[in-house]
Amino acid sequence: MNQISIDKLPENVVFSGRVLFLADDPELIRRQLAGEDLEIPLTAPLRDNISTDEITPAYICYYYDDTLGDFPYLGLKAGSEFPITRGSVRKGGFVCSVSGKRRGKGSSREQSPYAEMCAGIKVVIAENLERIYRENCQNLGIFTSTDFALIERVRKGEPIPLSEFTRGEGEITREIIEYGGLFKYNVARMQGKAIVPQIETPKRAMTLGEKILAQHWVTDLANDEVGVAYVKPSDEGFVRTDIRFSHEYVTPMSAIFWEDLVGANEKVVDPESVYFFRDHLTFLEITMTEERKASGLLDVANQLKRKQEEFAAKQGIRLYGELRRPKSGEPVGSEAICHSKILESHALPGHLVIGSDSHTPHAGAIGCIAFGVGTTAIFNSWLTKDVRIKVPGSVLIRVNGKAPENVTAKDFMLEILRNPYVKNGHAIGKIVQYSGDAVAALPVDDRATMTNMAAEVGAFTGIVEPDENVVDFLVRERGMDAAEARARIDGLFSDQDAEYEEIIDISADELRPFVALPGDPGNGKFVDELDEVVKIDIAYGGSCTGAKKADMDMYARVFKQALAAGKQVHPDVSCFIQCGSQEVKRYCEEQGYVDVFEKVGAEFIEPSCGACINAGRGVSYSPDTVTISAINRNLPGRSGPGQLYLASPYTTAASAIAGQIVVWEPA
């Protein structure tokens, strides 16, 4: 790294280009794409809650070079339309993109800001930005701000002090911005030009998350010194990872960055703690439309697979790949969904895990800090084994009491997601700790539903204090000695006087089965409060959130009850049950669940992210298609063009039998 010349950006930056307002009016957007510059205030509101799925729909992420610049905002819905077409942003000469609240929610895909950057966008302004998206922008060298006063200065091409984009940031983030991105900053760090400031936090009570961050705090990278006594919110530095993983959407771009910037023959640091996964696009060749195949999109997507396989082999990194039939070569599934396998086989209490998926917090179910990061952060972690962090504030969510038998961890989350504090974005970037009697009663699989959906909260991560349920999990699933398992969880708890920015109390006794209405996971409503009968076309149980062993127990329980009553899946409904790993598949076979699913009329599918990312059996096929699903998010276009309701495994299975959304009643 010493041969690379690194300098900071000038004190003032000048932008040359137009401002694109992402308004909730398709005509306003079309007028801008045609060359008109809009005056402020606009005649329509800015779009809120723009997800990365809208910035770059899943199929766009098959590209991992500057071709992405043709595609930003292709999935953006304005009113009821999708006004942005391929190449229109790049052709429009835009340098700044403006939107409303919660920009960049959803998936951690760095293809989104990278597509914006390749299209010419150098500044992103919004009322607030989701943590991973914002960090991805900073890591790539895109400027971000919540100051709308900058819009006219950008439009006029005025020199703007760099400090306008670093104000309020910690020293590390400030220097990343000043160096023009994370890689350049890390090179400066390795050359001794950028010095990470030592934190000097005095003795204080800490949350469990803060304790784990303190234990992993890098104090001297060159001398491999790790660990401090205390951290507090806003402390900024780097933390050493125990596990780093990525999937086929991210590994290839990271590999290209590695080969171009570090060297094709250089080795990743500690490859034994790195894992790759082929889980997102396993069934692509049998689900992609013929039209898209004819356009060459399948060939583009298959480059992701080949690049990941080649890089894994060259680096000696464990790849959980896809499975194919021996004779036909037809894909039959993957070994596992990434975060499902990390929890099943690798993460341990007290670990620090980073992954290229927003649902990386899944592993927080056993008491570790696990969080999603973007492509650039993954690539840099291969070099340093650490990742930058600004210690988040913590939110405590207590679910007390005893839930009714048909209310699950998924229902807990749909209640949490509609809570005003969460729905209004106040939990964005926070460590969310789940506790209370009802949470303590949950097995690890169900706790994983809650930590997984910390992504939908917009949180930094979700975590549950490990206890005897975690000990039982480690003994049963890992073959660990009970004494060793108990030693693993020793000391992993929040101090009694630990500080929380907010405490939310929920009474499990008062909950009833939920659905989240189409459009957002925060649209929760009790099923018995639906205004009308909602007939369904598809029932999908699967993906990471609804594809664990405990979820399979729930589907099977409902279906067994239906069979005993002489019922099957409704003739108007297509029902799919998809497991999250080969381990879960074996469990289903051992328990006889595969036979139950077949008899009731549900199609059992091998592991893959599948319909959850619009890439497998169970996706909707028209805007009028109605789906009920146990997945984690129902953002527009997430699982096809139809209307997607989120629900628990119990509610999903019961609705498949009834042909409409109903509550499951235990026999």
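Student: What volume does the second largest pocket have?
Tutor: Please keep in mind that this is a predicted model. Rolling a probe the size of a water molecule over the atoms shows where empty space is left. For the second largest pocket, the volume computed in this way is about 810 Å³.

Student: Which element gives the most residues to the lining of the second largest pocket?
Tutor: The lining is made up of 30 residues, and those nearest the centre of the pocket are L129, R131, R134, E169 and K390. Two or more lining residues come from each of the elements α5 (131-140), β5 (143-145), α7 (163-166) and β17 (386-390). With four residues, the element that gives the most is α5.

Student: Is the aromatic pair of Y587 and Y593 stacked or edge-to-face?
Tutor: A search of the whole structure finds 25 aromatic pairs, and Y587 and Y593 form one with 6.0 Å from centre to centre and 80° between the planes. Both Y587 and Y593 are buried. Because planes over 60 degrees apart count as edge-to-face, the pair formed by Y587 and Y593 is edge-to-face.

Student: Which residue lies over the face of Y59?
Tutor: Two such arrangements can be described here, and in one of them R512 lies over the face of F526, at 4.0 Å from the ring centre. Over the face of Y59, at 3.9 Å from the ring centre, lies R292.

Definitions and conventions: Residues are numbered from 1 along each chain as its sequence is written. This is a predicted model: local features need pLDDT of at least 70, side-chain atom pairs count only at pLDDT 80 or more; totals for chains, interfaces and linings use all residues. Side-chain values use heavy atoms; hydrogens and water are left out. Rings of Phe, Tyr and Trp (its six-membered ring) pair if their centres lie within 6.5 Å; planes under 30 degrees apart count as stacked, over 60 as edge-to-face and the rest as tilted. Buried means under 20% relative accessible area, exposed over 50%, partly exposed in between (1.4 Å probe, protein chains only). A charge sits over a ring if NZ of Lys or CZ of Arg is within 6 Å of the ring centre and within 35 degrees of the ring normal. On a 1 Å grid over the protein atoms alone, a cavity is a set of points where a 1.4 Å probe fits but cannot get out, and a pocket is an open set with protein on both sides within 12 Å along at least five of seven lines; lining residues have an atom within 4 Å of a point. Grid points are joined across faces, edges and corners, and a volume is the space filled by probe spheres set on the points.
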